[in-house]
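Dear colleague,

I am passing on the structure below, together with some notes on what was found in it. Please read the notes with the coordinates open beside you.

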Amino acid sequence: MRRIFEHLGYDVRGLDRVMYAGLTKKNVQRGMWRLLNDKEIRILKYLNSSIKGSAKPAPPQNKSQAKEYGGD
């Protein structure tokens with residue numbers, strides 16, 4: 001992003017990433033961290049698999065979705 005805006009003639013003094021892969025830094029103070037919940041982990045694994053070219057459907061998140069995917 002920095003290079004794109006510098007190429008367009010902007011003076012970039014800093015960047016602040018507010019979201020990445022659906023994750024935000026909301027409610028996390030500077031220098032702190034938090035554990036990811038199960039849904040966030042599933043999404044990141046799915047995004048990683050799709051980047052590698054082996055995209056698979058996201059795993060079911062509840063019993064009704066499990067039935068759609070052929071589960072119990």
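The notes below go from the overall chain to its salt bridges and then to a surface patch.

This is a predicted model, in which local features need pLDDT of at least 70 and side-chain atom pairs count only at pLDDT 80 or more, while totals for chains, interfaces and linings use all residues. Residues are numbered from 1 along each chain as its sequence is written, and side-chain values use heavy atoms, with hydrogens and water left out.

The mean pLDDT of the protein chain (pLDDT being the predictor's confidence in each residue, from 0 to 100) is 80, and 72% of the residues reach 70 or more. Among the elements of the chain, H1 has the highest mean pLDDT, at 93, whereas helix H3 (residues 63-68) has the lowest, at 58. Where pLDDT is low, the predicted coordinates should not be read in detail.

The chain has three helices and two strands, these being DSSP runs numbered from the N terminus (helices H or I, at least four residues; strands E, at least two). Along the sequence they follow the pattern α-β-β-α-α. Of the 72 residues, 7% count as buried, where buried means under 20% relative accessible area, exposed over 50%, and partly exposed in between (1.4 Å probe, protein chains only). The chain exposes about 7000 Å², of which carbon and sulfur atoms supply 54%; accessible areas come from the Shrake-Rupley method with a 1.4 Å probe, and for residues only the protein chains shown count as cover. Taking contacts (heavy atoms within 4.5 Å) with a separation of 6 or more, residues 24 or more positions apart account for 3% of them.

The structure holds three salt bridges, each defined as a side-chain nitrogen of Lys or Arg within 4 Å of a carboxyl oxygen of Asp or Glu. Side chains of opposite charge can pair when their charged atoms come close.

One of the salt bridges joins glutamate 40 and arginine 34, at 2.7 Å from N to O. Glutamate 40 lies in helix H2 (residues 38-51) and counts as buried because its relative accessibility is 15%, while arginine 34, at 36%, counts as partly exposed. Leaving aside residues up to four places away in sequence, glutamate 40 touches Leu23, Arg34 and Leu35.

Another salt bridge links the side chains of lysine 25 and aspartate 16, with 2.3 Å from N to O. Lysine 25 has a relative accessible area of 39% and is therefore partly exposed, whereas aspartate 16, at 54%, is exposed.

There is also a salt bridge between arginine 13 and aspartate 11, whose closest N and O atoms are 3.2 Å apart. Arginine 13 is exposed, at 76% relative accessible area, and aspartate 11, which is found in the loop between H1 and E1, is exposed as well, at 60%.

Finally, Met1, Ile4, Phe5, Leu8, Tyr10 and Leu15 form a nonpolar patch on the surface, with about 680 Å² of accessible area together. Patches are made of residues with over 30% relative accessible area and no salt bridge, like charges being joined within 9 Å and nonpolar side chains (Val, Leu, Ile, Met, Phe, Trp, Tyr) within 5 Å.

With best regards
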